[in-house]
Amino acid sequence: MHAITTFDSAEMLIGEAWVTADETLAVQDPSTGEEIARIARGGAADIDAAVSAAEAALAGEWGRMSAAERGRILARIGQAVAAEVEMLALLEARDVGKPLKQARADALALARYMEFYGGAADKLTGQTIPFQAGYTVYTLREPHGVTGHIIPWNYPMQILGRSVGAALAAGNACVLKPAEEACLTALAFARIARDAGLPVGALNVVTGLGAEAGAALAGHPRVHHISFTGSVPTGALIQAAAGKNIVPVTLELGGKSPQLVFADCDLEAALPFLVGPGVQNAGQTCSAASRILVQREIFDEVATRMAEAYRALRIGPAVEDLDVGPLVSARQKAIVAGFLDALPAEQILARPELGELPPGGHYVAPALVAGAAPGDRIARDEIFGPVQVLLPFETEAEAVEIANGTDYGLVAGVWTANGARQFRLARDLRAGQVFVNNYGAGGGVELPFGGIGKSGHGREKGFEALYGFTTLKTVAVRHD
Ligand code: ADP
């Protein structure tokens, strides 16, 4: 086994100080169950100190800095992250059980977010507005101030990048609460960012439990914006906590994303995108393609080909870098097992063999499901595990009805050669992103992302995110 290369004692960053807490929490490697580090169990007092440090940054060097200089610092952080991709990938693989190549892709995406938002920092402009004679009216895009970032364990580096990167570019000072299952790369990132010249207090990282540090951040009266990615129930708690202070929130809460596969599509092109986005990161992906809707004429062929791909999946410890690693925790494994145990056995079309695996790891054999009805739990609820459900349809109208028939609306994919149908479905599918003849566009740092319905609200990623991390001021100057 590789050793953790950066640090064994994970301290929080509050202002310029690396601090620990009275209590610590164990960090387990999901591939083996082995304890690999400990993190501080931060609480309300630490969040309060971090908010004060962020306020001091806004009142000081960070708050006075030009947008161009903020952008330069973010670009430098991006370069420093890119130079540490291997270290970050290994840390993430051990911390959350993500196969190395997926962890490496996340680290590269983190670098790219810093580069993108570094470049965008000085391009965020207001408008001048034609008004009555004797007035000049313009708008200013100003940072909210202190922004809170509560992020999950499934894509820790990517979600940190899109959230903190955009917030810093817009001139906010951040308090970050990573998930208790996934703190190591956030802390490593904070060290990299400080070394690359990020001023004191612009980014503070408080580790700890959701109900303690997370709740304290969501309800803090001196935080001006909260961005959260995670589950629907926790999103509802966070929105309610922020609502008490009339603080705006951006919520990204997952989905039950469909891909619609029409008989006229290029199936060879489609197939890798049908299985891959369902089992990537062991299915623990907000935008996982968890429902595959297939037109009846090609249903059997697609089912057979996907079943072959499922049987060939290799599962193992993250550092062995196979197709699928363990789930992040015993709790997550139990949730996924609960869904699968409730299914009639004949609905499980294909599962690979698990083979010899470390007994302490949280492995689940991916499952391809067929024969469920669109309204069944397995086809309607987010599972957050390596489970995909195949659903047949006859007509385009039926496909749209099934696709739009869940509480979620994050991402949808469409595979068809029919040009008019491509545009029609892009219009008719209820989702924050629609991909035509592709799925996910390789991650798409530049592409605004977010949901409707229970998938959440607000948009992250791309230039659009910068609007969410700013507040608009209208200035009307009267003159002769
Ligand atoms: P999961 O159930 O998979 O752990 P959550 O949505 O609960 O997903 O967790 C996502 C993030 O939300 C984590 O950083 C977690 O610590 C945090 N969190 C959990 N509960 C709360 C809460 N009550 N208030 C604020 N943050 C929370």
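Two strands count as paired if DSSP finds at least two bridges between them. Strands (E, at least two residues) and helices (H or I, at least four) are DSSP runs, numbered from the N terminus.

This is a predicted model: local features need pLDDT of at least 70, side-chain atom pairs count only at pLDDT 80 or more, and totals for chains, interfaces and linings use all residues. Residues are numbered from 1 along each chain as its sequence is written, and side-chain values use heavy atoms, with hydrogens and water left out.

1. Strand 17 and its partners. Strand 17 covers residues 387-393. Strand 14 (residues 291-295) runs parallel to strand 17, joined by 5 bridges. Within that pairing, Arg291 stands opposite Val389. Strand 16 (residues 367-370) also runs parallel to strand 17, with 4 bridges. Here Ala367 has Val387 as its bridge partner.

2. Cover of strand 17. The strand is mostly covered, with 6 of its 7 residues buried. Buried means under 20% relative accessible area, exposed over 50%, and partly exposed in between (1.4 Å probe, protein chains only).

3. Helix 7, length. Helix 7 spans residues 184-195. Its 12 residues, at 1.5 Å a residue, should span 16 Å, and the end C-alpha atoms are 17 Å apart, which agrees. The expected span is 1.5 Å times one less than the number of residues. Gly197 follows the helix, and its phi is positive, near 110°.

4. Helix 7, burial. The helix is largely enclosed by the rest of the structure, because 9 of its 12 residues are buried. Among them are Leu184, Phe189 and Ile192. Leu187 lies in this helix too. Leu187 counts as buried because its relative accessibility is 1%. Its C-alpha atom is separated by 9.8 Å from that of Ile39, 148 residues apart along the chain.

5. Lys461, charge. This residue sits in the loop between strand 20 (456-457) and helix 16 (464-468). Lys461 is buried yet has no salt bridge, a term for a side-chain nitrogen of Lys or Arg within 4 Å of a carboxyl oxygen of Asp or Glu. The nearest side chain of opposite charge is Glu252, 7.9 Å away. For charge, Lys and Arg count as positive and Asp and Glu as negative; His and the chain ends are not counted.

6. Lys461, surroundings. A polar atom of the Lys461 side chain lies 2.6 Å from the backbone oxygen of Gly443. Leaving aside residues up to four places away in sequence, Lys461 touches several residues, including Tyr113, Tyr117, Arg162, Gly443 and Phe449. Contact means heavy atoms within 4.5 Å.

Definitions and conventions. Polar contact = N/O pair within 3.5 Å; in protein donor to acceptor, adjacent residues only side chain to side chain.
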